[in-house]
Amino acid sequence: MAIKTKDFVSYSDALKAFSSGLKEPEWMLEMRLSALEQIDKLELPVIERLRYNRWPLWQVPNLTGAPAAKTVDPFEFVDDKADAARVIQTGNDTVIETLPESLKEKGVIFTDLHTALREHPDLVKEAYMAKAIKPESNKITAFHAAFMNSGLFLYVPKNLEIEEPLEAIFIQNSLVEDAFVKHVLIYADTHSNFSYVEKFLTKGDEKNAANIAVEVITKPGAQVKFSAVDQLGENSTVYFNRKGYTHRDSSIDWALGVMNTGNVVCDFDTDLVGEGSATDLKAVGISSGRQTQVIDSNVVNYGNNTEGNIFQHGVILDRATLTFNGIGHIVKGAKGADAQQESRVLMLSDKARGDANPILLIQENEVTAGHAASVGRVDPEEMYYLMSRGIEQSEAERLVIRGFLGKVISAIPMKSMRDDLVQTIERKLTSR
Amino acid sequence: MAVLEIKNLHVSIEDKEILKGVDLKMQTGEIHAIMGPNGTGKSTLSAAIMGHPSYEVTEGEVLLDGENVLEMEVDERARAGLFLAVQYPSEIAGITNAEFMRAAINSRREEDDKMGVMDFITKLDEKMAVLDMPEEMAERYLNEGFSGGEKKRNEILQLMMIEPTFAILDEIDSGLDIDALQVVSTGVNAMRGEGFGSLIITHYQRLLNYITPDVVHIMMDGRVVKTGGAELAKQLEAEGYKGLMEELGLDIEIEED
Ligand SMILES: Nc1ncnc2c1ncn2[C@@H]1O[C@H](COP(=O)(O)OP(=O)(O)O)[C@@H](O)[C@H]1O
Ligand SMILES: [Mg+2]
């Protein structure tokens with residue numbers, strides 16, 4: 001559904017009605033309208049080694065507020081689990097929302113974004129597209145700010161440590177034609193410490209666009225372990241922007257499984273702003289069929305003694321494309337900063353296209369930085385060794401690949417999620 | 001009783017002939033040693049038997065109970081009963097040692113007869129104790145970051161777990177100190193018996209003080225030039241390869257060290 005970009009401003013009345021139907025605060029509508037004005041003027045973000053200006057990303061969502069004509073049954077995808085901290089959304093609707101009483105009492109907020117906007121507007125305003133992702137950054141972010149149609153808000157108060165991971169599952173409703181403009185906002189207050197896991201899926205085969213923005217903001221000393229398994233569908237064209245913003249001595253550890261089946265840009269960024277803050281980004285990807293997935297991981301060291309680590313491993317099958325860009329950027333003045341990265345791609349087919357592209361931008365002298373990148377095939381020596389112990393070729397290959405992707409899998413804190421990722425990987429590898 | 005027979009084996013690497021007609025026959029219950037100077041083709045022989053893709057067999061046969069293993073894939077050879085402990089095993093991150101060994105054992109078993117976790121762990125603990133290996137090595141990634149000695153022990157651990165019919169041990173002694181040598185030898189000696197045969201490749205006589213061979217073969221320039229009993233190894237130690245060559249009337253360039 002190609003929309004001429006100059007038509008976007010014509011949606012301003014529809015947006016006003018949409019916003020007021022959701023009882024959004026005034027500032028939210030203002031943000032939407034000013035972003036709407038800017039979409040046409042802004043450029044697409046530059047993603048190295050990818051031209052995607054013709055991708056159908058510009059589908060405007062249904063703004064009538066009417067419920068979807070067909071709805072998704074969430075239990076096709078998830079088990080019933082009482083009393084876990086969990087939010088499940090199908091399309092724009094929140095269908096399950098559970099939070100243990102003990103967490104509620106301590107002030108944890110874990111609810112859909114529009115409820116949060118009504119109940120905690122100031123808290124949301126502090127963080128929503130204010131620090132990590134900015135509406136005016138580029139065409140994608142402006143479009144997102146204007147047309148965001150549903151989302152999730154997670155707030156963890158000061159000094160609170162949560163043992164069990166909080167879980168969110170988002171099922172894109174492609175039984176109907178509608179854009180998926182989802183926003184996840186995670187706000188970790190000072191010295192909080194928790195894990196969050198999320199899963200993105202698609203139900204249905206309609207050709208839809210998705211513009212997803214996930215923001216994680218860590219206040220001083222906060223520590224967030226973020227993991228995700230993305231499994232959006234073959235007919236979904238996706239721009240996936242996850243971005244972290246760290247205050248002093250805080251950290252965000254990302255473990256991301258990029259397992260979509262359509263064309264996807266993964267724009268994973270972390271701004272290490274506060275002194276002594278750190279991020280560890282681990283991503284695995286599998287591309288198969290004829291799809292293209294590009295994972296563009298970008299860590300910017302602004303603060304002194306900040307540490308950024310990018311580690312991405314991927315496998316390509318069939319005629320698919322998988323590209324890893326690793327961008328480590330140390331700005332002038334970030335003394336003692338460290339930027340490390342490793343990107344490796346394993347090609348399992350002659351027709352596959354892979355790229356591992358390290359980019360280091362260093363504008364300060366007193367820093368450490370390093371990178372490693374490779375594109376290759378399964379090592380015949382490794383295969384020989386495994387097979388010489390009796391293991392069949394297909395099983396040996398699976399073991400090598402599992403090993404190759406293992407570091408990310410083991411970084412995910414929730415067993416069901418790990419198993420899910422392993423199963424997804426096995427399924428993709430055996431469907432060859 | 002099983003029989004392994006190598007007949008007139010010729011092997012080339014990159015069009016250069018390394019093995020020039022090797023003949024050797026052994027059966028279970030026996031331990032054979034192959035000794036020879038560096039660069040003679042001992043590792044080539046073991047790799048060709050196991051089916052390493054870089055080695056091209058141009059002539060000859062390797063028969064396991066009459067079946068030509070050269071027509072089998074590498075994994076089929078292993079499941080048929082062959083095992084090769086190599087000098088430089090691969091390091092594979094992401095696969096634990098234990099997981100790998102269990103996959104190897106279960107590759108030999110029927111779907112309804114797979115070895116369960118408990119039985120596996122019991123057996124693993126027992127064998128690791130024999131080899132004086134700390135428990136945590138089971139959960140480490142396959143050979144990753146192992147020292148030379150740890151890798152050798154790990155090869156013998158796999159041997160003891162898999163229990164093949166014939167094991168070829170390629171210079172399992174190189175780089176080991178006396179203590180490690182004793183431990184590794186204890187492992188191999190524990191395997192000794194009716195249903196097991198081993199072909200031990202070594203450059204030095206030292207290992208044969210701990211594992212007494214039934215038969216010793218001397219290999220030079222791609223051929224077995226002399227076969228005898230355990231005393232042949234002693235003779236070699238006393239006279240060196242040069243002495244033996246004089247006795248046999250051979251004129252071969254060797255690297256003596
Ligand atoms: N991969 C290889 N490529 C080329 N030449 C090789 C290779 N491996 C072994 N060779 C050569 O084959 C000969 C026999 O080597 P090898 O079988 O390793 O001897 P040994 O184990 O008796 O020391 C040597 O001359 C060696 O240089
Ligand atoms: Mg050798």
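Student: Is B:Asp113 buried or exposed, or something in between?

Tutor: Read the relative accessible area. Partly exposed runs between the buried limit of 20% and the exposed limit of 50%. B:Asp113 has 42% relative accessibility, so it counts as partly exposed. Keep in mind that this is a predicted model.

Student: Which residue pairs with B:Asp113 in a salt bridge?

Tutor: Start with the general idea. Side chains of opposite charge can pair when their charged atoms come close. Here the partner is B:Arg109, with the closest N and O atoms 4.0 Å apart. B:Arg109 is partly exposed too, at a relative accessible area of 30%.

Student: What joins A:Glu198, A:Asp230 and A:Arg242?

Tutor: Salt bridges that share partners. They link the three residues into one network.

Student: How many salt bridges are there over all chains?

Tutor: A search of the whole structure finds 33.

Student: Where do A:Lys16 and A:Asp13 sit relative to each other?

Tutor: Both are in helix H1 of chain A, residues 12-21. They are three residues apart, which means a separation of about one helical turn. A:Lys16 is partly exposed at 38%, while A:Asp13 is exposed at 57%.

Student: Which parts of chain B are tied together by B:Asp221 and B:Lys20?

Tutor: First, the contact itself. B:Asp221 and B:Lys20 form a salt bridge, and their closest N and O atoms are 2.9 Å apart. B:Asp221 lies in the loop between strand S11 (215-220) and strand S12 (223-228), and B:Lys20 lies in strand S2 (residues 16-27), so the pair ties together parts 201 residues apart in sequence. B:Asp221 is partly exposed, at 32%. B:Lys20 is partly exposed as well, at 23%.

Student: Which residues make up a nonpolar patch?

Tutor: B:Val117, B:Met118 and B:Ile121 do. Together they have about 280 Å² of accessible area. B:Val117 is placed in helix H4 of chain B, residues 117-130. B:Val117 is partly exposed, at 43%.

Student: Why is helix H1 of chain B described as largely enclosed?

Tutor: Count buried residues along the helix. The limit is under 20% relative accessible area. H1 of chain B spans residues 42-50, and eight of its nine residues are buried, so the helix is largely enclosed by the rest of the structure. The buried residues include B:Lys42, B:Leu45, B:Ile49 and B:Met50.

Student: What follows H1 of chain B?

Tutor: B:Gly51. Check its backbone angle: phi is positive, near 100°.

How values were computed. Residues are numbered from 1 along each chain as its sequence is written. Chains are lettered from A and ligands numbered from 1 in the order in which they are written. This is a predicted model: local features need pLDDT of at least 70, side-chain atom pairs count only at pLDDT 80 or more; totals for chains, interfaces and linings use all residues. Side-chain values use heavy atoms; hydrogens and water are left out. Patches are made of residues with over 30% relative accessible area and no salt bridge: like charges are joined within 9 Å, nonpolar side chains (Val, Leu, Ile, Met, Phe, Trp, Tyr) within 5 Å. Accessible areas come from the Shrake-Rupley method with a 1.4 Å probe; for residues, only the protein chains shown count as cover. A salt bridge is a side-chain nitrogen of Lys or Arg within 4 Å of a carboxyl oxygen of Asp or Glu. Helices (H or I, at least four residues) and strands (E, at least two) are DSSP runs, numbered from the N terminus. Buried means under 20% relative accessible area, exposed over 50%, partly exposed in between (1.4 Å probe, protein chains only).
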